[in-house]
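Here is a short briefing on aromatic rings and the charges placed over them. Look at the structure first, then read on.

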Amino acid sequence: MQRRTLLKTSAALALTAPAFSQAAATVTLKFHTFMAPQSNVWQNMHKVWMDKVSKESGGRIQFEAYPAMQLGGSPAQLYDQAKDGVVDIIWTIPGYTAGRFPRIEVFELPFMMTNAEATSRACWEYMQTMALDEFKDTQVLALQVHGPGVFHTKDKQIKTAADLKGLKMRGPTRQVTKMLGYLGAIPVGMPLPAIPDALSKGTIDGAALPWEVVPSVKVHELTRFHSEFDPAGGALYTATFVLAMNKASYQALPPDLRKIIDNNSGLQTSGWLGRVQQAGDAAGRQAALAHKNTIYAIPALEAQEFKRKAAVVEVAWVEDMNQRGFDGRQLLTTARALIAKHSKVAASPASAIAPAITRPKKT
């Protein structure tokens, strides 16, 4: 009888052993991006997000973190690196692969965004309702945008739309480069890491960038003039970013660890990423001032001319969507409505519902 009980206990332990082993397993995920290690995005967004996930998992999720394309390839290849399992998680600009993710480009149209938190939350909800299959090859963790785009130029201050005529200006995505072209500039598409060399060699006369990334690519040292828009005139443009995970890596996680990833994904995380990225604008602007550069605020009245010239970008995008078999006008209307909805939320005390992700204090 005693021997039979012992055998039953041993069998039960044998059956439960794999579960215990799985529960205690440590998973290491490779995180890859093009952002520089000293950038606001890497320090205050990516590292903070990884720290939070690791802490909530009790250390069972660990990260191998690779900024600045340290694992090779180009920024345009990052999404496929996640899709193909070369790495586990990436953060990149979908627009680096022109036309591959067309519906999400609606957020990059001229004067669409309000602020990065609200527009990022709108971007996530829009994907869930209007473009869910656009990123079907990966497990999308978050979608976000940066703060208002700014002109940074070497030798000429941009005060009016006419001042852009003939200037070789870098744009991050096809919608932004189209906008630059309609404003009279010579658009040059290139990823962020290529900007310093292009400015130094004269390949470009300036770049369209948000303030927060300026210090990490030394744009304040390579240009002398900066032109931002008075908020009353709207935000010139923004770019869309995706935080995506390899599907097999996500599905291979034990259910409890998958839940932790889920808890750090979605609407709230998208809004938080946008908010933190735009919060870095102040430091980027200050870097330009410290370098004794000239900053000009384009007044709201003058912004109307920029809007008029850039409006054709929106018309062309709607037509492009129609030709692809989508209802372009509906997509545009939906995106605008979602931005307006989340802008009201972000402007109210309810915005406090965004996740409290903070860097651990140094001891």
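**Aromatic rings in a predicted model**

Phe-31, Trp-42, Trp-49 and Phe-63 form a cluster, linked by ring pairs. Rings of Phe, Tyr and Trp (its six-membered ring) pair if their centres lie within 6.5 Å; planes under 30 degrees apart are stacked, over 60 edge-to-face, and the rest tilted. By this rule there are 14 aromatic pairs.

The model is predicted: local features need pLDDT of at least 70, side-chain atom pairs count only at pLDDT 80 or more, and totals for chains, interfaces and linings use all residues. Residues are numbered from 1 along each chain as its sequence is written, and side-chain values use heavy atoms, leaving out hydrogens and water.

**Tyr-79 and Phe-135**
- This aromatic pair is edge-to-face, with 6.0 Å centre to centre and 65° between the planes.
- Tyr-79 sits in helix α3 (residues 78-84), and Phe-135 in the loop between α4 (116-130) and β4 (139-145), 56 residues apart.
- Helices (H or I, at least four residues) and strands (E, at least two) are DSSP runs, numbered from the N terminus.
- Tyr-79 and Phe-135 are buried, meaning under 20% relative accessible area (1.4 Å probe, protein chains only).

**Phe-111 and Phe-229**
- The ring centres lie 5.7 Å apart and the planes meet at 80°, so this pair is edge-to-face.
- Phe-111 is in the loop between β3 (89-92) and α4, and Phe-229 is in strand β9 (residues 225-229), so the pair ties together parts 118 residues apart in sequence.
- Phe-111 and Phe-229 are both buried.

**Charge over a ring**
- The charged end of Lys-307 sits over the ring of Phe-111, 5.3 Å from its centre.
- The rule asks for NZ of Lys or CZ of Arg within 6 Å of the ring centre and within 35 degrees of the ring normal.

Key. Buried < 20%, exposed > 50% of the residue type's maximum accessible area, 1.4 Å probe, protein only.
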